[in-house]
Amino acid sequence: DEVVVPAAPSTLSQQAQQAFALLLWQESLEKPAIDIAAYTAGLQEALGAAGYQAARDSIKDPEVLRFTAERLYEDRSPKVDVPHVLRTLKLDRMTRELAEVTALLRTAESRGAADEAKGHLETSGVLTAEIARLHKER
């Protein structure tokens, strides 16, 4: 049995696009409505450092994203959405990581690599617990 490991998305999800739209828009303001440093750190945690950089590098037209965020938040404060956006992005990343670890666990088990399987099982447990915690926060 060949195990297929899910790949990270090659394009930004709609939620990630909106998250970066908000960041780019707030960065362009003289008086941003959110703490940009805290939001950036939250995005890096939610997407992972490599995911954050890949997402940031994939932005083709920052002006369109800024305009999108400006329209989205013209009648309300972005502060309300920030925790939900970050939690959703982190949940998506951790769910992908759990799928990857599960595939690696199956491979290790099929090869009889008990120590490797044990490590993947422990990682799986940590990810599952964190995913459950994030679902409870909703």
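How are α5 and α6 oriented to each other: roughly parallel or roughly antiparallel? Some notes on that and a few other spots follow.

Before the details: this is a predicted model, where local features need pLDDT of at least 70 and side-chain atom pairs count only at pLDDT 80 or more, while totals for chains, interfaces and linings use all residues. Numbering runs from 1 along each chain as its sequence is written, and side-chain values use heavy atoms, with hydrogens and water left out.

1. The α5/α6 pair. Helices here are DSSP runs (H or I, at least four residues), numbered from the N terminus. The axes of α5 and α6 (residues 114-137) cross at roughly 155° and come within 9 Å; axes are lines fitted to C-alpha atoms over the stretch in contact, with angles from 0 to 180 degrees between N-to-C directions. The two helices are therefore roughly antiparallel, the label for angles over 145 degrees. Their contact is made up of twelve nonpolar, six polar and nine charged residues. Asp, Glu, Lys and Arg count as charged, Ala, Val, Leu, Ile, Met, Phe, Trp, Tyr, Cys and Pro as nonpolar, and the others, Gly among them, as polar.

2. The α1/α2 pair. Here the axes come within 11 Å and cross at roughly 160°, so α1 and α2 are also roughly antiparallel. On the α1 side A19, F20, L22, L23, Q26 and E27 meet I36, Y39, T40, L43 and L47 of α2. That contact divides into eight nonpolar, two polar and one charged.

3. Q26. This α1 residue is buried, at 0% relative accessible area; buried means under 20%, exposed over 50% and partly exposed in between, with a 1.4 Å probe and protein chains only. Skipping residues up to four places away in sequence, Q26 touches P32, A33, I34, I36 and P78, where contact means heavy atoms within 4.5 Å.

4. H84. You'll find H84 in α5 (residues 82-111), and at 42% relative accessibility H84 counts as partly exposed. Its C-alpha is 14 Å from that of F20, 64 residues away along the chain.

Definitions and conventions: Angles under 35 degrees count as roughly parallel, over 145 as roughly antiparallel, 65 to 115 as roughly perpendicular and the rest as oblique.
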